[in-house]
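Visitor: I am new to this structure and would like a close look at a single part. Please start with how the chains meet, then go on to the part itself.

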Amino acid sequence: MSKEINHKEPSSIPPSGGWGGYIKDVYRGVKSLLVGMKRTMYYFTHHKEIITQQYPDNRETLDLPDRFKGEVVMPHDEKNEHRCTGCQACELACPNGTIKVITQSVILADGRKKKAIDKLVYHLELCTMCNLCIVACPSDAIVMAQTFEHSVFDRNELTKILNNPGSKIMEGVE
Amino acid sequence: MYRQTEIINDASQNPSLGGSGETGDLIINVGPQHPATHGVLHLVITLNGETIKKVEPHLGFIHRSIEKMCESLSYRQFIYVTSRMDYLSSHINNHACALCVEKGLQVEIPPRAQVIRVLMDELTRIASHELWWGAMAMDLGAFTPFFHAFRERESINDIMEETCGARLTMNYIVPGGVMQDLHPNFQNKVKAFMQLYKRKIHEYDELVTGNIIFQNRMKNIGYLSPEDAISYGCSGPTARGSGVSCDIRKIYPYEIYDKLEFDEVLETAGDSFARYMIRIREMQQSIRIIEQLIDNIPEGDFQAKTKAVLKLPKGDFYSRVETARGELGVYIVSEGGTTPYRIKFRSPGFSNLSVLDHIARGSKLGDLVAMMGTLDLVIPDIDR
C-alpha cells in the first residue's frame, strides 16, 4: 500500500457552547423526535389513510389494468377460430426464443395450398413480457393477458400451446 | 468459500491483499448477503478496531454479460435488457438506448413522444428517489419511512402499470418514440399523484430530515471533495452533493429539456447529508417539470415511422442521459448490420461505488452504511 491512509477524525455536530447551548441542543433533539413520533401517532389513529391491500384475500376484486403484461395468449372466438396466419413475425421479434411457430400446409376447399399454424408454442418460463411480439403481430392474433400468478409445481407446465386443439383461422384474416 | 477463508487468514499480514502487516488488523466481509448492501455487493473491509482502513468492493455476483448479450440482439430487441441494469430507472435506461439508435438512424421524434418520454423519465426519477429515501432511512434504523415512501411510489407504479403494462421493467421507450400511446387516465392520475405528493412531502422532513439522530449520523460523514468527485468520475447526486455541476439535462440537453424550467440542485457541503438533501430537492424539481408538461402534451403521433428491420450505418454512436443515479452513457459501434458490433454502457453506479473506499477511510464501521446509502448503489447497474 503506497497510498497513505488519511485518518479523518470522526466529528459530530459541535454543541452550541456552554451549558445553555447543551440544554438547547437537548431541547432541539427531543423536539425533533417528538415531531416524528407525532406523525407516527397520526397514522396510528387514522386508519382510513392506510392503503394496504389484503392480497390474496382480495383476489376476486383485484382489478388489473388492460395493458398489464402478464402472459401471451391467443384469443379464440366461439367457433374455435383464431386470427393467426403463421407468418412467424412474433418468433422473429422475440429477443430470447420464447415463441416457436410450427406451420403446416393445409389444402383449401378450392384445392389451393395454404400455410397455417399447426402449433404456436409459448415458453412462459423464458418470457420477459417485453411486448415486442404483440407489437409485431400484423393480424392481432396474440394479446397480453392480465394473469400474474404463474407458479406451478412442474416446469413443463410452463410450456404452453396457445392455439386450441382443432382450431382454425378466422375467415377473412390474411 | 475456501478461498475467502484463506484471504482472511493471510490478509492482515500480506500487503497485496490489503493488510498493512500490523497486528490488530481485522478483515471482515460485508455481503454478498447483507441487508445493508441492497443486493449482492461484497465488501472486504480492513478494520483497525472500529476504524475503517480499507474498503474493497468485490463485484461480479450478478454479472449477466448484458453488453455481450446485446451484440446478438437487434436494435429493437436489445432495449428490453437494459431495463434490467438499473432496474429503478428502467425508463431512463431505455431512453438512453433509444436515443443512441435514433442518432444512428437520423429519425425525427414526434413532439408528443418527446414529451411522453420526459414525463416518464421524471416520474421514474421520483419513484427511484422515493425508494432510495425509504431504504436509506431503513438502513439507519428507521423502519416507518420505508412504508411512507412506498405509498407514494405505489401511485407512480400504478400510473406506469396502466400506460406501460409493467411496474418495474417497462420496455416502453422504443427507437422512434414510445411503444403505446398514453392511457386516457394518465393525466388525471399524474395530477392526483402530484396532489398526494404535495400533501405528504412535509412528512419526509418531519420523520427523517429533521430528526436529530439522523442528522448526527449524516452530517460530516463521508466527505467527498469536488476534486475527488471529478477524478473518480462521480456523477449525479453524488457529485452534485460536492458542488460539481454535472446534470446532463442542463449540460447536454436531450429531448425537450432545454425548453423546460428547472434548477440543477447543488449542495456544497460534500457530506452524506448534502447528498441526501440533493435527492430530496431533486424530487421537487421533477415535480416542477411534470407540472409544466402535464397540461401541454401535444397531439400527434407517438411513434415516428421506422423500417421494420433497423440497420445502423457503419460508425460509432454515443448518447448520454441523466438517470436517477448519474450519467448513463451508451456507446454503440455498428458495422452496418442489424445487430450492434459492440455495445458499452457507462453506468453511473460503477464510478460512484469506486469512491466508497476513498470516503470511508478513517471513519467508523457504523458510518459505512450511511455512506453506502447516500451513494445510492444499485448492484445490477454496477455489474451489468
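Guide: This is a predicted model. The contact between the chains draws on 30 residues of chain A and 29 residues of chain B. On the chain A side, α1 (18–45) and α3 (132–136) each supply at least two residues. The most comes from α1(A), which gives eight residues. Sorted by class, the side of chain A that touches chain B has 15 nonpolar, ten polar and five charged residues.

Now to chain B and the part to look at closely, a pair of helices. Helix α5 of chain B covers residues 111–139 and helix α6 of chain B covers residues 144–164; their axes come within 8 Å and cross at roughly 160°. Because angles over 145 degrees count as roughly antiparallel, α5(B) is roughly antiparallel to α6(B). Their crossing is left-handed. The residues of α5(B) that meet α6(B) include Leu123(B), Ile126(B), Trp133(B) and Met138(B). From α6(B), the residues in this contact include Phe146(B), Phe150(B), Arg153(B) and Ile156(B). By class, the contact of α5(B) with α6(B) has 14 nonpolar, two polar and three charged residues.

As for the setting, chain B is divided into domain 1 (2–58) and domain 2 (66–383). The C-alpha centres of these two domains of chain B lie 31 Å apart. Where they touch, 15 residues of domain 1 of chain B are in contact with 17 residues of domain 2 of chain B. Strand β3 (residues 51–58) of chain B gives the most to the domain 1 side, with seven residues. That side has seven nonpolar, four polar and four charged residues.

Terms used
Residues are numbered from 1 along each chain as its sequence is written. Chains are lettered from A and ligands numbered from 1 in the order in which they are written. This is a predicted model: local features need pLDDT of at least 70, side-chain atom pairs count only at pLDDT 80 or more; totals for chains, interfaces and linings use all residues. Two residues are in contact if their C-beta atoms, placed from the backbone, lie within 7 Å. Helices (H or I, at least four residues) and strands (E, at least two) are DSSP runs, numbered from the N terminus. Ala, Val, Leu, Ile, Met, Phe, Trp, Tyr, Cys and Pro count as nonpolar, Asp, Glu, Lys and Arg as charged, and the others, Gly among them, as polar. Axes are lines fitted to C-alpha atoms, for helices over the stretch in contact, and angles run from 0 to 180 degrees between N-to-C directions. Angles under 35 degrees count as roughly parallel, over 145 as roughly antiparallel, 65 to 115 as roughly perpendicular and the rest as oblique. A crossing is left-handed if the near helix is turned anticlockwise from the far one by less than a right angle, and right-handed if clockwise. Domain bounds come from an automatic or database domain assignment.
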